[in-house]
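Here's a quick briefing for anyone opening this structure for the first time. Have a look around, then read on.

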Amino acid sequence: MARRNPRFLRDLLLALLVWGVAASVAGSFLWLVGDMLWHGAGQLSWNFLTAATENAGRSGGIGSILVSTLLILAVAMVVATPLGLATAVLLSEFVSPGNRFAQLVGLSLDVLAGVPSIVFGLFGMAFFSVFLGLGFSILAGGLTLACMALPIFIRTAEAGLRAVPDDWRRGAAALGLSRSAALSHILLPAATPALAAALMLGIGRAMAETAALIFTSGYVDRMPSSLADSGRALAVHIYDLSMNVAGGDANAYATALVLVVLLIVINNIALWLAQNLLQKRIAQS
Amino acid sequence: MTKTPEPCCTPQNGSEAYTVGPLQSGPACCEPEPVIRVTNLSLRYAGQPALENVALDIYRGCITALIGPSGCGKTSFLSSLNRLTDLIPGCTVEGGIEIDGRDVHDPDTDVQALRRQVGMIFQKPNPFPLSIRRNIQMPLREHGVRACTALEEKTEAALRDVGLWDEVRDRLDAPALVLSGGQQQRLCIARALALQPEILLMDEPCSALDPLSSGVVEDLIQDLRGRYTVVIVTHNLAQARRIANYAGFFWAKERTGTLVEFGQCRQIFEEPAHELTAAYVSGMRG
C-alpha cells in the first residue's frame, strides 16, 4: 500500500536527489585525489621531499620549496596572530555592538575577506616589495599573506571570544577583577579551541596561495638562506611546473599531492581542536 | 523610609558588635545602622526607565530580601549597588547610592575596590573553567595576596565557611565545572567570601538549584547573618520569610519598577501597609 502512495514516491525521489548530490560532491573530491595519486604518487619519496629542485623542477625534489613555504607561513603567522588577536579582543570585549569604529573595522574585514588574492599580491608588491624596499623576498610574501589571512582569523577568533558565556565576564567583574585579568585568566583560555581553529583556517588560506606570492616572494627555487631571499612556495611551484615547464607535469602532480595532504592534515587538526576541546568544555559545564 | 527601626534580632553574648570573619570569631547580630543608603534612585536602559524613585536603607549585618514579580527591577537594583550596571551598554543610573558614606557612582570611585567590598552571587552558578583551587586563588592573587601559605589558608577558610571543604579537600585541583550545581554555587559564594567583602549581593542564588542543594545554600546564607550584610533577591516568598530581617517589595507599573514597601520582614509579611504588598505576599497577585 505504502509503495503506491505518491507522497512515498516524492520522499524517495528527494532521498535519491540528496544522496546523489552528496555522492557527486564526494566523488569529485575522490576523483581529484585519485588523479593526483595516479600521476603523482610514483614520484613521491623521501628524496623528493628533501632534495633540491633540478632542471627547473623536472627532476630533483622539492626540499627548498617546502622550506620556503614553511618560512613564508611562519612569517605570516607570527605577524598575523598578535595583530589578529588584538583586533578580535577589541571587537568582542572592548566596544559595544553599536560602536561606529567597530562597525567600520568589521565592514573592512568583511570586504577584505572577499578581495581576490591577486589584488593582495599587487598591494604586497607595491607596499612591501617596492615602497618598503623588501624586494622579492620571503619576508614580503609572508607579510602579504598575513594581510590576506587576517580577516578570516580575526572573524573566527572574535566569534570564539563572543561564544564565551557572559556569566564568566560578569563573575569576573563582580569579583573586582581587572579587564586584563579576566582576559588572560578566563576569556582567552576559554576561547583557546576557537583561537586554534582560527589560526588553522588562516594557515590553510595562506598555504594554498599562489597569486599573492608570485609578485612578492617570487619564484626562485633555490634553498633560501635568509628571509630577505626570494623563495618559491608549493602552490607557485605547481603553477610554474604545469604552465611554464614542459615535462614538469609528473612533479607538479606530486607537489600538489604534498600540498593537499598538508592541507588535509592542518584542516583536521583545526576540526579536532574545535570539536574535541570545545565539546569537552561544554560537556563539563 | 529613612527612619531607623528597632534592632531586628536579639544580641548574642551580650554584645552587639558586628563582625566580619569566620563564624566562630564573634557574635552574629545585625544592627539597625544603615550601611547602604539609596536615595531617589532611577535606572534606565537606553532611555527606557526600568526603575524609578527607589529609596531605602540597608542595615549592617542584616539579611534584606527583595521580593516582587519578574521584570520589576530587583536585579537591576542589585547590579547598581556594585556598579555591575557599568557593563550593560546604554544603562544609566541616577540618584544616590552611598556605601559607608561614599558615593558609589562618583566617577572617582575605585570600582575594583568597590566590587571587592561588595561581592555578588548570581542566579546561575558561574565558577570559572579553572580548578577549584584556582577559582578561589586567582581573584585573591589579583587583589594582591601573593604568599602561598596565605592563599592556602584563605582557600581552606572560605571553603570551610560554605561547608565545601570536606567535600572537595581531596580534589582541589579538579575542574570546578565537574561539581554539582549546589556545590558550584557554594564555591561561588566561597570565592566571594575569600575576598572578605562587607556586603554580599545575591541574585536568586537558589533558584537554579534542586531543593536539597537550595536548602544547604539557604542555611549557609543564614550563617552569614551578622558577619556580612546580605541583600538577596528571591522569588521564593517562604524563603524570604525564613531568612530575612528586612524585606522590600518591588512592583512594576508599565514596565517601570519601583519600591512599593520596605520594612521589617515580619511586618511586610504579616501587616503589610500597602494593598499590593498584601495581595502579593498572600499569593493573590504576581
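Which residues of H1(B) are buried? They are B:Lys74, B:Thr75, B:Ser76, B:Phe77, B:Leu78, B:Ser79, B:Ser80 and B:Leu81. Keep in mind that this is a predicted model, where local features need pLDDT of at least 70, side-chain atom pairs count only at pLDDT 80 or more, and totals for chains, interfaces and linings use all residues. Residues are numbered from 1 along each chain as its sequence is written, while chains are lettered from A and ligands numbered from 1 in the order in which they are written.

**Helix H1 of chain B**
- H1 of chain B covers residues 74-81 and is mostly covered, with eight of its eight residues buried (20 or more other C-beta atoms within 10 Å of a residue's own, with C-beta atoms placed from the backbone).
- Helices here are DSSP runs of H or I, at least four residues, numbered from the N terminus.
- Just after H1(B) comes B:Arg83, with a positive phi of about 60°.

**Where chains A and B meet**
- Chain A puts 18 residues into the contact and chain B puts in 25 (contact means C-beta atoms, placed from the backbone, within 7 Å).
- On chain A's side, H7 (166-174), H8 (179-190) and H12 (249-284) each supply at least two residues, and H7(A) gives the most, with six.

**Domains of chain A**
- Chain A has domain 1 (2-43) and domain 2 (46-284), with bounds from an automatic or database domain assignment.
- The C-alpha centres of these two domains of chain A lie 32 Å apart.
- Seven residues of domain 1 of chain A are in contact with eight of domain 2 of chain A.

Methods:
Buried ≥ 20, exposed ≤ 12 C-beta atoms within 10 Å, placed from the backbone. Contact = placed C-beta atoms within 7 Å.
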